[in-house]
Amino acid sequence: MTNDKTTKGGLIAVAILLIAAACLAVFGNSSQRLQEPSLQQPSSDDSVALRTAIMREGLRGAAKLRGNYVEELDPHWDWGRFDVEGLTKGSAAVIVGRFTKKLDAHLKGSRVIYTDYEVSVEELVKGNLKQGETTVVSLPGGRITFEDGTSAEQTTPTFEHPLIGRAYALFLTEDAAAPSVFSLSGGPQGLFDIEDSKGVKSHGRPDDPATVETKGKSRDAFMNDLREKGRKWPEPGKCCG
């Protein structure tokens, strides 16, 4: 009997020791895991350095840091959205033009890249340009290479650049710093592809007033309406009132 009790007591003691050891191992490992740094937490050093570079030197600073810096640009206007009459009234010139050549990209200020295009004037609806002459239109987006070999690029996924050789209706604002260069009145709202006689295609957003107004219109109907509005608002405007 004594031997049985001794054996049982020994087994219980061994079991207690095993349980204690297991608990120690579990809690010891848990404590170790809590003290380890998280490998899932990304470092913010790079993004902070990039923001600092852009604040100090704009896209040139970002290019110096990255070598080849690329970002997306949304050129659509939120603070001004216009119908065709508003665009016509507020534009310095309204033309039908054919894009003939893509020129160089350049910085406007330090944060926005524009690409210049040569446009041949096929019809003057409003303004002081002449039919048959070539003018320069500057559009947001493009790629620029700096003197040190670095580059910066701004893509415009929400704004399709015009195709060389196609005809467009353009609502234009004169650049105060470069009177011979124009930009689009109302941003992308001021560009309509009219190459297809069956219809026009606005380069504005689907819910911009001019886009909604011209949806489903044929080229002839669009141009007749545009000429009428050009006669109504012949004086050069300042975009876009």
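Biologist: Is Arg98 buried, partly exposed or exposed?

Modeller: Relative accessible area decides this: under 20% is buried, over 50% is exposed, and partly exposed lies in between, with a 1.4 Å probe and protein chains only. Arg98 has a value of 24% and is therefore partly exposed. The model is a predicted one, in which local features need pLDDT of at least 70 and side-chain atom pairs pLDDT 80 or more, whereas totals for chains, interfaces and linings use all residues. Residues are numbered from 1 along each chain as its sequence is written, and side-chain values use heavy atoms, with hydrogens and water left out.

Biologist: With which side chain does Arg98 meet in a salt bridge?

Modeller: Side chains of opposite charge can pair when their charged atoms come close. The term salt bridge requires a side-chain nitrogen of Lys or Arg within 4 Å of a carboxyl oxygen of Asp or Glu. Here the partner of Arg98 is Glu195, at 3.2 Å from N to O. Arg98 belongs to strand E2 (residues 93-108) and Glu195 to the loop between strand E9 (191-193) and E10, so the contact ties together parts 97 residues apart in sequence. Strands (E, at least two residues) and helices (H or I, at least four) are DSSP runs numbered from the N terminus. Glu195 is partly exposed, at 31%.

Biologist: How many salt bridges does the structure hold, and which residues are linked in a network?

Modeller: There are 15 salt bridges. Asp78, Arg81, Arg205, Asp207 and Asp208 are linked in a network. Asp78 sits in the loop between strand E1 (68-72) and helix H3 (84-90), and Arg205 in the loop between strand E10 (201-202) and helix H4 (209-214), 127 residues apart. Asp78 is exposed at 62%, whereas Arg205 is buried at 17%.

Biologist: How far apart are the closest N and O atoms of Asp207 and Arg81?

Modeller: They are 2.7 Å apart. This pair also links distant parts of the chain, as Asp207 is in the loop between E10 and H4 and Arg81 in the loop between E1 and H3. Asp207 is exposed at 51%, and Arg81 is partly exposed at 34%.

Biologist: Which strands each supply at least two residues of the lining of the largest pocket?

Modeller: They are strand E3 (112-126), strand E4 (134-140) and strand E8 (178-184).
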